[in-house]
Amino acid sequence: MEIKGEYKIAAPRDKVFAALNDQAVLQACIPGCETLEKLSDTEMTAKVRLRIGPVSAAFSGKVTLSDIDPPNGYKISGEGQGGVAGFAKGGAVVKLTEDGGDTVLTYDVDAQVGGKIAQVGARLIAGTAKKLADQFFGKFAESVGAPPPTSAA
Amino acid sequence: MTETGIGARVHRKEDKRFLTGTGRYVDDLPLARATYAYFLRSPHAHAKIKKIDTTAAKAMPGVVEIFTGKDTADAKMGGLICGWVVKDKNGEPHKAPAHPVMALDTVRYVGDTVAMVVANSVDEAKDAAEAIKVDYEVKPANVDLARALDKGTPEVHPEAPGNLIYDWEIGVKADVDAAFAKAAHVTKLDLVNNRLIPNAMEPRAAAAEYDKGTGNYTLWSTSQNPHVLRLILSAFVLGIPEHKLRVVAPDVGGGFGSKIFCYNEETMVCWAASRVGRPIKWTAERAESFMTDAHGRDHVTHAELAMDKDGKFLALKVETIANMGAYLSTFSTAVPTYLYATLLAGQYTTPLIYANVKAAVTHTAPVDAYRGAGRPEATFVIETIVSKAAAELKMDTAELRRKNFIPKEAFPYQTPVALQYDSGNYPPIIDEAMKIADYKGFEARRAEAKKRGKLRGIGFSSYIEACGLAPSQVIGQLGGGVGQWESAQIKFNPTGNVQVITGSHSHGQGHETTFAQLVSDKLGVPIENIEVVHGDTSTTTFGMGTYGSRSLAVGGSAIMKATDKIIAKGKKVAAHLMEADVADVEFDNGTFKVAGTDKNVPLAQVVFAAYVPHNYPLAEVEPGMDENAFYDPANFVYPAGTQICEVEIDPDTGVVEVVAHTAVDDFGNIINPMIVEGQVHGGIVQGVGQALHEAAVYDKDTGQLLSGSYMDYRMPRAEDVPSFKLGYKVTPCPHNPLGVKGCGEAGAIAAPAAVMNAVHDALAPLGVKHVEMPATPLNVWQSIQGAQRAAAE
């Protein structure tokens, strides 16, 4: 399953890229994020509460930044254990391109779940991942640039 | 026939408690100081366990103990066993990968058992399970059965290179190939027999108690065969001697095969009871049932049928890959071989048959016997290919069957695939089914449906079944690890009422009624004075349990033998009481009589004299009236029948509606027609479920179980089926004292092919060649679209 989207952000590309690496911004934008602690420039531990279909679970795990190519983009990946609910993992390849003074952010998300979440919610995962991605990037675009996004694919 | 004897529609004695909520199931057990178990399961299909940290979990409130694979290894616990050795075509026994009770260093399917938490409550156990940290190294999974044996597919076990458990064959391939070379017509078929999840109403459960004073264990389990479970646990897994382990299977709410096997959880609950020092209870949640009950079916098959110019079958060739899942469950190896390929003659005189079965392991739940066990898969292959052949030859589907039926005078009939059918008469069955189904009127109904925009189709399925498992010596020759006789005890009490103690186990079959009818009929005891006792190793001598439609044919026959012994002994006592010669004493309808006189003494009086032997031939006869019998069948029994299904399909939505379904069966003599009807009805519904609705689906890449709840696993419902039309033809079984055959699986064996043949018949005008089960609306709609696209090109 792959989910793609695009946002236009009213901010210069350097500023957008910096925000993508800002732990406070990420914590504010990751849906259901309860804690996000920095281990290094590219690694963080996170606690995230998510509802997928009928299963609600607190996931604890890692958030990793990789393929960092300032200011063109990076890959942000997360992997969390939800205890008896199973696990969830996913990532987004984020690309930034300049559009005049603005920045166009495109993302390409993949997500995977396992255990109980998969048994009862697998067919909801595409919809859920799409919603979570929109929540994340929507909030991100809003917090970094103004006015709010012009398009959400 | 009496009102409660053989042939009577006696209402089920057990239904009073089942319908009023007073049944006693494992979970109902009141055990003082009980603890509760919860199993942490693998969320991955295939992973290495790098580390399990239970420190934080052990400190959680209410936790009594946590066990992992390491504890079972330290205790030198044996692995779970597969009780049937199938030799592959080179004569080598099948590969037998280790099946640890708890995962040691590798998990092999989603649901594999990683840790057992024992706590003061289920909720506390679950909370603690959340706190167990397992460090997994996730590995690629082998999920797609069709590719399981391919080079490069991840291996499930080092002991099974290439994931192959056995490559088995029956028949002479060269002879079959020669027949194909001469054939006027060959019909070819590729099909998938969809994987099913059993879904017994009561989930699996276990409870155990250890008596420190005596060293005795008691295990309550939702088992279909408590003695076999005890035998496996004692001899192979836990080493608790049989005389120190009592296994009780009380009221059990359905099994369909899934409760035959020895499972991890009951093993752990029993073992841990002595470690914990308090009773332990465990009941599966429904999600665990989906994940870990042994699944059923799951074959990929290619079949070819060779015919002469008149449609006479010359030879059949079948190649099947059978899914074993991640571990070999108790009887898994026998299901796609001796319970499948040996049935491929069906009701037909096909003189040459070759079958090759490759069993593969995959990263999915274990697969084992499920209602019919191999025989539904065989029937589905035969009856689908025969219907396809009829369509290709433009012959009437019933006529092609009739042309190839084994004739009545050919019985006993030796098939080319090992079995010898004892009795049968197939043409009258199909005639009766066609009459009941109004076959002649079908085309008019099809035309009428067309006016309503519906595609109507009709499908036949003429099944054969080998059940009543089984002659022990045959089972031994085929690699089975146990005998397959049954025991019975008829124990009169001094006041004349009687306990019938059987080694069969009832989990919905109605034994308490059927078996009581046998004894009431034979001994003339009122049915209310008969209590059928089963399911407890401490009250039954021994027993092989209930599966393979064996309870009446084998267990019922043992009861008849025990009643014979009661009558023989009673005659000696009665002769003494009547001052007559034993040779002159006759027994009829509860009374001993001296032939040719009016002297008589009722059985109750004989029984009383046997327990209060004041006037009794003590020198010749022991007191008491309590007889034991074992019965080992001479052959399988061979029920047969024809089902005819009619469906209507909405071509715009793909929805298939079963609008009529007829079943005519030969079950031999029938003891309780109402119970038989119930069995047939339930079986047909399960067969309709397989054909139209049910599918266990794993993600082909990750091995995640996607159909893990009733939101995604579609069970058949009352609204999905019409009122069934049933009929019977009787050819009594010649080798058991009751003349009975089995009826428990027939419905599920025959129905899938009948339904799918009807679906194919309905869709044929649109050019649809083949629809795989389940024929869901999506599946049917896509088939229609595909055929229309192909026609347009």
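How many bridges join strand E9 (residues 205-211) of chain B to E10(B), and in which sense do the two strands run? In this predicted model, six bridges join the pair, and the strands run antiparallel.

## Strand E10 and its two partners

E10(B) is mostly covered, since five of its six residues are buried.

## The four-stranded sheet

An open sheet of four strands in chain B has the order E18-E26-E27-E28, and its pairing is mixed. Strand E18 (455-464) and strand E28 (725-728) of chain B stand at the edges with a single partner strand each, so one side of each is left without a neighbour in the sheet. From one strand to the next, the twist averages 15°.

E18(B) and E26(B) pair in the antiparallel sense over ten bridges, and B:Ile458 has B:Glu646 of E26(B) as its bridge partner. Strand E27 (residues 656-666) of chain B, by contrast, pairs with E28(B) in the parallel sense over four bridges, where B:Thr662 has B:Lys725 of E28(B) as its bridge partner.

## Helices on the sheet and the covering of E18

Helix H11 (residues 426-436) of chain B packs on this sheet, touching E18, strand E26 (640-649), E27 and E28 of chain B, and its direction makes about 30° with that of E26(B). Helix H18 (residues 746-763) of chain B lies across E18, E26 and E27 of chain B, running at about 150° to E18(B).

Although E18(B) stands at an edge of the sheet, ten of its ten residues are buried, so the strand is largely enclosed by the rest of the structure. Both of its faces are covered: the buried residues include B:Leu455, B:Gly457 and B:Tyr463 on one side, and B:Arg456, B:Phe460 and B:Ile464 on the other.

## The buried face of helix H10

In helix H10 (residues 397-404) of chain B, the residues B:Thr397, B:Leu400, B:Arg401 and B:Asn404 are buried. Seen down the axis of H10(B), the buried residues fall within an arc of 100°, so they line one face of the helix. What covers them includes strand E14 (313-325), helix H9 (375-393), H11 and E18 of chain B.

## Contacts between domains and between chains

Chain B is divided into domain 1 (31-139 + 203-254 + 259-283), domain 2 (390-467 + 637-792) and domain 3 (485-631). The centres of domain 2 and domain 3 of chain B, taken over C-alpha atoms, are separated by 41 Å. Their contact takes 15 residues from domain 2 of chain B and 14 residues from domain 3 of chain B; by class, the side of domain 2 has nine nonpolar, four polar and two charged residues.

The contact between the chains takes 17 residues from chain B and 13 residues from chain A. On the side of chain B that touches chain A, helix H4 (122-131) and helix H8 (286-292) of chain B each supply at least two residues, and the largest share, three residues, comes from H4(B). The residues of this side of chain B divide into nine nonpolar, five polar and three charged.

Terms used
Residues are numbered from 1 along each chain as its sequence is written. Chains are lettered from A and ligands numbered from 1 in the order in which they are written. This is a predicted model: local features need pLDDT of at least 70, side-chain atom pairs count only at pLDDT 80 or more; totals for chains, interfaces and linings use all residues. Two strands pair if DSSP finds at least two bridges between them. Axes are lines fitted to C-alpha atoms, for helices over the stretch in contact, and angles run from 0 to 180 degrees between N-to-C directions. Two residues are in contact if their C-beta atoms, placed from the backbone, lie within 7 Å. A residue is buried if 20 or more other C-beta atoms lie within 10 Å of its own, exposed if 12 or fewer, and partly exposed in between; C-beta atoms are placed from the backbone. Domain bounds come from an automatic or database domain assignment. Ala, Val, Leu, Ile, Met, Phe, Trp, Tyr, Cys and Pro count as nonpolar, Asp, Glu, Lys and Arg as charged, and the others, Gly among them, as polar. The arc is that of the directions from the helix axis to the C-beta atoms.
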